[in-house]
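Welcome to this structure! Here are a few notes to read with the model open beside you.

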Amino acid sequence: MYHVKEAFYSLQGEGARTGRASVFCRFSGCNLWSGREADRAHAACRFCDTDFVGTDGQHGGRFATSEALATHLQALWPETPGAAAPYVVFTGGEPLLQLDAALIDALHARGFEVAVETNGTLPAPAGIDWLCVSPKGHSPLALTAGDELKLVHPQADAPPDRFIGLAFRHFFLQPMDGAPAGERVDHLASTVAYCLAHPQWRLSLQTHKIAGID
Ligand SMILES: C[S@@+](CC[C@H](N)C(=O)[O-])C[C@H]1O[C@@H](n2cnc3c(N)ncnc32)[C@H](O)[C@@H]1O
Ligand SMILES: Nc1nc2[nH]cc(C(=O)O)c2c(=O)[nH]1
Ligand code: SF4
Ligand SMILES: [Mg+2]
């Protein structure tokens, strides 16, 4: 059984594929935080910007088979003949708690390219076309290679230089969002300063928040 918080059609807001039309599948649950505010201060990941608890979001639910979930996600892609290959982004919550080869195969069979946004602490099934790893504090990485490493910055326990030797094609720093507003401004300024001083890193802004699209 797959548990999905929500699924929606939007533009990829972050990283190297920013601006690309995507079906997002947000799985429920995470291995680094319960999702309850009462637990946030003691969680392994404390800055999460996402509600991933339950299955009550738009187009969310419980899906008994990979075929059922793949068909559900396919229906969110617009019917535009001759258009680019459909694209699905699995996120969460932590998608690698649930994503398996059967679901990837079912989406490939429907013509989809498959992307994943993960905290990198769990092994990945075969067949992922675009892997984005976003390390969290001290949490050990099981995934040390992929397409992009997208580090939320600043994190006291995860300085960028710890990751630059890993086998990723792109290295992004994404300013930490969240209250209060003054801290948000500081996070943006320090992220810009870091990219200017260390040109192997590129700035990733969460453009869907700027554009107000989801
Ligand atoms: C909500 S997470 C879900 C996927 C996976 N659990 C992970 O952490 O990569 C999706 C993306 O949002 C990023 N993110 C989460 N909270 C954020 C925040 N407060 N500011 C900026 N990016 C954030 C994560 O680092 C990750 O790249
Ligand atoms: N538009 C949009 N782009 C995204 N890229 C990664 C997201 C995520 O929450 O994983 C996300 C998201 O939530 N919305
Ligand atoms: S690992 Fe990802 S989903 Fe889990 S709490 Fe952190 S940012 Fe949120
Ligand atoms: Mg998001």
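Predicted model: local features only at pLDDT ≥ 70, side-chain atom pairs only at ≥ 80, totals over all residues.

1. A term to begin with: two strands pair if DSSP finds at least two bridges between them. With that in hand, look at strand β7 (residues 145–153) and strand β8 (residues 167–175), which run parallel and are joined by eight bridges.

2. Now step back to the whole sheet. Nine strands form an open sheet with mixed pairing, and their order is β3-β1-β2-β4-β5-β6-β7-β8-β9. Which strands are the edge strands? They are β3 (61–63) and β9 (202–203), each of which pairs on one side only.

3. Next, a pair of helices. Helix α2 (residues 66–74) packs with helix α3 (residues 101–109) at an angle of about 45 degrees, and their axes are 9 Å apart. Because of that angle, α2 counts as oblique to α3. The crossing in which α2 passes α3 is right-handed.

4. What do the two helices bring to their contact? From α2 come Ser66, Glu67, Leu69, Ala70 and Leu73, and they meet Ala102, Leu103, Ala106 and Leu107 of α3. Sorted by class, this contact of α2 with α3 has seven nonpolar residues, one polar and one charged.

5. On to the ligands, starting with ligand 1. How many residues surround ligand 1? There are 18, and the closest are Asp49, Thr50, Asn119, Ser134 and Asp177. The sheet takes part here: β5 (113–118) and β7 each supply at least two residues of this shell. By class, the shell around ligand 1 has five nonpolar, eight polar and five charged residues.

6. Around ligand 2 you will find Ser10, Leu11, Gln12, Gly13, Glu14, Phe24, Thr50, Thr91, Glu117, His208 and Asp214. The shell of ligand 2 is made up of two nonpolar, six polar and three charged residues.

7. Ligand 3 has a shell of its own to look through. The residues around ligand 3 include the cysteines Cys30, Cys45 and Cys48, and also Leu32, Trp33, Thr50 and Phe52. Gly92, Gly93, Glu94, Asn119 and Lys136 complete the list for ligand 3. This shell divides into six nonpolar, four polar and two charged residues.

How values were computed. Residues numbered from 1 in each chain as written. Chains lettered and ligands numbered in written order. Near = placed C-beta within 6 Å. Nonpolar A, V, L, I, M, F, W, Y, C, P; charged D, E, K, R; others polar. Axes fitted to C-alpha atoms, helices over the stretch in contact; angles between N-to-C directions. Helix = DSSP H or I, 4+ residues; strand = E, 2+ residues; numbered from the N terminus. Parallel < 35°, antiparallel > 145°, perpendicular 65-115°, else oblique. Left-handed = near helix turned anticlockwise from the far one by under 90°. Contact = placed C-beta atoms within 7 Å.
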